[in-house]
Amino acid sequence: MIARRTLLKGATSVAMAATISEISLRSSHAEPVPFSSGTDVPKLKAPADACDCHMHIYDSRFPIAPSATLKPADAHVDDYRLLQKRIGTTRTVVVTPSTYGTDNSCTLDAMAKIGPSARGVAVVDTGVTDAELKRLNGLGIRGIRFNLVNAGATTVEMLEPLSKRANELGWHVQINLKPDLLAQIEDTLLRLPSPLVFDHLAHIPQPAGIEHPSFKTMRKLIDKGRTWVKLSGAYQDTKVGPPTYADTTSVAQAYVKAAPERMVWGSDWPHPTEKEKPDDAVLFDLLSQWVPDEATRNRVLAQNPQVLYGFGKSA
């Protein structure tokens, strides 16, 4: 009888252990996310109010600009919610992509669907009216994007007049440009009145990395105290590639060391420049190397976006 009880107890323990193991295995995976490879969840746990500060929505209901060269497939808010569920972010900054020129309708539609946890960055040119800027501000837009990589809606000549108008609204100017141009227009950038935000680590090229003239320009801008950098797009300029992106990591670490209070993170979902989509869990986990200190990392993910995009404090 004792032997039988011992056997039954042992069998029960084995069954429970198997069940726990199965639950644990299931919990380490998430539902597949469109435009993202892999299904593992990140090893890093996102803090409360973690913000994805750079993503795009594409929707064929909205007309593509005649000058557009990048025309990705539809990537909807419901698709993006699966990414949020996978990596644990709860706040979002929707950025108008070059695909739509100065038409921000798709971005505004996405922001409305996401709700109060969304902010946006719009694309406008110097013909925009004050009334339109005021309307955009009321809808949650907090910056003007200059995509100078894909020529079209915005130009270098528009930087100064639009930076002045953005500054009057308490907005920033967000810039996406190639590194050689960054170094060439250093003087212009240094005199812009508004805060500046650079996409994708400012595209510092490899293998030169932090020795490239564009990084030296970035340090001058950062040291002036009004420049922010998006720790995003690890795949855009790497020569090493996944899963380590080791060359990109050295650039990110240099930025974080220079101004941790002005770094934010972005997924760049749905990764419109990439034919082979990256693993978003791997990209999120890069933060463990880019920002090794947990308190600083939480600042990058939560507190810094709250300041830059005007999110309210959680209860």
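Which residues do ring pairs link into a cluster? The cluster consists of F35, Y80 and W269. The notes below cover ring pairs, salt bridges and cavities in turn.

1. Basis. This is a predicted model, in which local features need pLDDT of at least 70 and side-chain atom pairs count only at pLDDT 80 or more, while totals for chains, interfaces and linings use all residues. Residues are numbered from 1 along each chain as its sequence is written, and side-chain values use heavy atoms, with hydrogens and water left out.

2. Aromatic pairs. The whole structure holds 5 aromatic pairs. Rings of Phe, Tyr and Trp (its six-membered ring) pair if their centres lie within 6.5 Å; planes under 30 degrees apart count as stacked, over 60 as edge-to-face and the rest as tilted.

3. Y58 and Y100. This aromatic pair is tilted, at 6.3 Å centre to centre with 35° between the planes. Y58 sits in the loop between strand 1 (51–55) and helix 2 (77–87), and Y100 in the loop between strand 2 (91–95) and helix 3 (105–114), so the pair ties together parts that are 42 residues apart in sequence. Helices (H or I, at least four residues) and strands (E, at least two) are DSSP runs, numbered from the N terminus. Both Y58 and Y100 are buried. Buried means under 20% relative accessible area, exposed over 50%, and partly exposed in between (1.4 Å probe, protein chains only).

4. W265 and F284. The ring centres are 5.2 Å apart and the planes stand at 90°, so this pair is edge-to-face. It links distant parts of the chain, with W265 in strand 8 (residues 263–265) and F284 in helix 10 (residues 280–285), 19 residues apart. W265 is buried at 3% relative accessible area, and F284 is buried at 0%.

5. The search of the whole structure gives 14 salt bridges, each a side-chain nitrogen of Lys or Arg within 4 Å of a carboxyl oxygen of Asp or Glu. One of them joins E132 and R135 (2.9 Å, N to O). Both residues lie in helix 4 (residues 130–138), 3 residues apart, about one turn of the helix. E132 is partly exposed at 25% relative accessibility, as is R135 at 42%. In helix 5, E168 and K164 are 4 residues apart, again about one turn, and their side chains meet at 2.8 Å, N to O. E168 counts as exposed, at 59%, whereas K164 is partly exposed, at 48%.

6. R191 and E160 form a salt bridge of 3.1 Å, N to O. R191 belongs to helix 7 (residues 186–191) and E160 to helix 5 (residues 159–169), so the pair ties together parts that are 31 residues apart in sequence. Both are partly exposed: R191 has a relative accessible area of 48% and E160 one of 34%.

7. Cavities. There are 4 cavities of 30 Å³ or more. The largest cavity has a volume of about 130 Å³. Of its 15 lining residues, S98, N147, N150, G152 and A153 are the closest to its centre. A cavity here is a set of points on a 1 Å grid over the protein atoms alone where a 1.4 Å probe fits but cannot get out; lining residues have an atom within 4 Å of a point. Grid points are joined across faces, edges and corners, and a volume is the space filled by probe spheres set on the points.

Terms used. 1 Å grid on protein atoms, 1.4 Å probe; cavity = no way out; pocket = protein on both sides within 12 Å on 5 of 7 lines; lining within 4 Å.
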